[in-house]
Amino acid sequence: MDLTLSPNEQAFRDELRGWLAGNHPGEEPAGDEAGFQFRVEWQKRLHEAGYAGLSWPEQYGGKGATLIEQAIFGEEMARAKAPSTANVIGLVMGGPVVIAHGSDEQKQRYLEPILSAEEIWCQGFSEPDAGSDLASLKMRAVKSDGGWSVTGQKVWTTFAHVAKWCMLVARTDQEAPKHKGLTYFLLDMEQDAVQVRPLHQITGEAEFNELFLEQAYIPDENVIGGVGDGWAVAITTLMHERAGLGAAAAASVRIALGQLLDLANERGVGDDPIVRQRIAALLIEVEALRLNAWRGLTQIMKTGVPGPEGSVVKLQWSAVNQGLTELAMEIRGEEAAIKESDWTYRFLRARANSIEGGTTEILKNIIAERVLGLPKLR
Amino acid sequence: MNFDFTDDQQAIKRTARDLLTQRFKPETVRELAEAGHYDDAHFSELVDLGWAGIFVDEEHGGQGLGTVELAILMEELGYSLAPVPFLSNVAAGLMVQHAGNDEQRSRWLPGIASGEARGTVGVVREGVAALVPDADSAELVVLLDNSAGTVHAASECEIEPVETIDATRRFARVSATGAGDPLENTLPAWDRICAAISAELVGVAQRMLEMTVAYARERKQFDRPIGAYQAVSHRCADMLREVESARSTTLWAAWAAEAEPETLPLAASMAKALASDAGWNVASSALQVHGGIGFTWEHDLHFLLKRAKVDGALFGSAREHRERVASLSGLGAGAPTAA
């Protein structure tokens, strides 16, 4: 057992830190459009240094980084408070899916513009009636001349308003059992049959969109995997490339917790025994989260497959982030009601943590069935 | 970065699991617990394997291995709920090794490693150490009073056996009659003791988790296994999260003891806080899932549940360790600067 970085890992981190010191773009400007452009520029800069497709194999323009290096990257970005990339869905999910399931032509066509942020990607999975039960989705694709005609609605589609491509899962066989009749498409968003409507959330912003398709056209060459293989391809999208996320999430929560600790000291409640117990409990939980994430990474590197254990880290993270923002609200008392405050925003935003990316209930089902081997309810 | 055991450490774990589950079958543990004593042959066998002195320097008759190896043994001893005076002796050994001077080390460590002169550690509160494991059969007692440590020959202490809910371990109330032989800074030893008992708690909790999952798969109500109901399966998922978190944190503390001593105080208190809570939360969920049968004396669960509860209070409760985490992290007016 060795929880220190190996010389190679250390060198990777030092090089990254050095690069970040000279290339960090600073604070993101206010406003959606300006913010987006800022992230595009940031991603281009990362790409030039080879960091954009960190986990991608070198032959596809990536860096071929190990899982540990990906985790280090996530931690360092969180620590440096570096902005997110413009094309995060393309980098984290789109590219890896094309690499795993795409044809040579598709790899040739799609990968480079993902890395350079010239083409932004979004993900069309969830529907109003298909959330946790994703495989029950209804969006319908009907065979037409040289392609497919697609009709239906998607929801929670981040970046839909700026995206060129949408990873779309639609039903191509109405008769087949629900997991078997699905196909994975790449939908060109630039057509009249596609309408995007912003979805305002409880924070007041619109991070997400609704997507309405009315006989949208997708040519045959935009099927990823095979017709009817959509579920398997979608699962790889969700399973892969989450490796560095646990460590990165732990790092950013740890930063937030440091701010909470300062807040408690500033407000003079740092000696309140109840506040002390609660902050200590959060500090311990964050450390456990970080350690569980690293221990999981070691397992994946030994076995070669991402396991369902990552579900533990995800639900732990959401609970900690919600807990710490709730405590910050409590400490701030009446002031917590004021709208223009970062803590208040974070408190509201954290409400989604136990829903987005797999609800806590679904994650517990996964742990119960796939880690503990308990029988399925269904 | 490699958060997993080396081949040698894996081998220690396998050997310990095989031997201990053979020696301490549930009926053996029950028999000893109900009689309220140990079988000396059990402890002798562990001594012959070199376990009692696994962390003790070779020059004093030990194996000279680290806290990670010790934690591996402790987890397995917890898993099998072995009724042996092992933890107490380990605690005394860690105190003498890490807080003792040369003379104290050469005087006490060989007997601790050979099991011929066992020791124990007690925490003094208001003048008396109320819950000292295995003091009635120890040769030396280390008493900690506000972290100031003193070594006492057991013959110079008043030792009065107390009956606790945990019948798999003997306890006594101890008060010193003399001043004792003072130790140096006891914190590095204390932190290792916390890692060791946390590892035991992880083993106890792991065993209860496995029993509960097996029962939830098998027990049927309303024509299906109760583990198919989310009210039950989600409880089991939470048990797994707690056990794994306690295990990760405990291994971190054990690793830090030798590899990153500056991290040890925080890691040790985090581990003991988490393991104490996990031990109890897992125990109470285990009983709830077992239902009525889990409340019977006839079922083995209560021996584990009681060990978990008593271990939670021993060597600092979750509350006390969280308080230390708060101070070490820079919370409050009197706290040192954040680490």
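In chain B, helix H4(B) is followed by Leu81(B), a residue with a positive phi near 50°. The model is a predicted one. The points below begin with H4(B), move to the contact between the chains and the helix pairs of chain B, and close with individual residues.

- H4(B) consists of 13 residues, and the distance from its first C-alpha to its last is 18 Å, close to the 18 Å expected at 1.5 Å a residue.
- The helix is mostly covered, since 13 of the 13 residues of H4(B) are buried.
- Gly53(B) is located in the loop that connects helix H3 (40-48) with helix H4 (67-79) of chain B.
- Gly53(B) is buried because 26 other C-beta atoms lie within 10 Å, where 20 or more are required for that class.
- Leaving aside residues up to four places away in sequence, Gly53(B) touches Gly61(B), Gly62(B), Gln63(B), Ile112(B) and Ala113(B).
- Between Gly53(B) and Phe43(B), the sequence separation is 10 residues and the C-alpha to C-alpha distance is 12 Å.

**Contact between chains A and B**

- Chain B contributes 43 residues to the contact, and chain A contributes 39 residues.
- On the side of chain B that touches chain A, at least two residues each come from helix H7 (187-218), helix H8 (230-259), helix H9 (264-290) and helix H11 (318-328) of chain B.
- The most is given by H8(B), which supplies 15 residues to the side of chain B that touches chain A.
- By class, that side of chain B comprises 23 nonpolar, 13 polar and 7 charged residues.

**Helix pair H7 and H8 of chain B**

- The axes of H7(B) and H8(B) are 9 Å apart, and the two helices pack at an angle of about 155°.
- H7(B) and H8(B) are therefore roughly antiparallel to each other, as angles over 145 degrees fall in that class.
- H7(B) and H8(B) make a left-handed crossing.
- The contact of H7(B) with H8(B) is made up of 17 nonpolar, 4 polar and 3 charged residues.

**Helix pair H9 and H11 of chain B**

- H9(B) packs against H11(B) at an angle of about 150°, with 8 Å between their axes.
- That angle makes H9(B) roughly antiparallel to H11(B).
- The crossing in which H9(B) passes H11(B) is left-handed.
- Residues of H9(B) in this contact include Pro265(B), Leu266(B), Lys272(B) and Asp277(B), while those of H11(B) include His321(B), Arg322(B), Arg324(B) and Leu328(B).
- The contact of H9(B) with H11(B) has 7 nonpolar, 3 polar and 4 charged residues.

- H8(A) is mostly covered, with 22 of its 31 residues buried.
- Thr344(A) belongs to helix H10 (residues 342-350) of chain A.
- Thr344(A) counts as partly exposed because it has 19 C-beta neighbours inside 10 Å, whereas a buried residue needs 20 or more.
- Thr344(A) touches Ala336(A), Ile338(A) and Lys339(A), with residues up to four places away in sequence not counted.
- Thr344(A) and Ala328(A) are separated by 16 residues in sequence and by 8.6 Å in space, C-alpha to C-alpha.

**Positive phi in loops**

- Most residues other than glycine have a negative phi.
- Ala117(A) is not a glycine, yet its phi is positive at about 65°.
- The loop between helix H5 (104-115) and strand S1 (121-124) of chain A holds Ala117(A).
- Ala117(A) is buried because 24 other C-beta atoms lie within 10 Å.
- Asp134(B), although not a glycine, has a positive phi of about 55°.
- Asp134(B) is placed in the loop between strand S2 (128-133) and strand S3 (140-145) of chain B.
- Asp134(B) counts as buried because it has 23 C-beta neighbours inside 10 Å.

How values were computed. Residues are numbered from 1 along each chain as its sequence is written. Chains are lettered from A and ligands numbered from 1 in the order in which they are written. This is a predicted model: local features need pLDDT of at least 70, side-chain atom pairs count only at pLDDT 80 or more; totals for chains, interfaces and linings use all residues. Two residues are in contact if their C-beta atoms, placed from the backbone, lie within 7 Å. Helices (H or I, at least four residues) and strands (E, at least two) are DSSP runs, numbered from the N terminus. Ala, Val, Leu, Ile, Met, Phe, Trp, Tyr, Cys and Pro count as nonpolar, Asp, Glu, Lys and Arg as charged, and the others, Gly among them, as polar. A residue is buried if 20 or more other C-beta atoms lie within 10 Å of its own, exposed if 12 or fewer, and partly exposed in between; C-beta atoms are placed from the backbone. The expected span of a helix is 1.5 Å times one less than its number of residues. Axes are lines fitted to C-alpha atoms, for helices over the stretch in contact, and angles run from 0 to 180 degrees between N-to-C directions. Angles under 35 degrees count as roughly parallel, over 145 as roughly antiparallel, 65 to 115 as roughly perpendicular and the rest as oblique. A crossing is left-handed if the near helix is turned anticlockwise from the far one by less than a right angle, and right-handed if clockwise.
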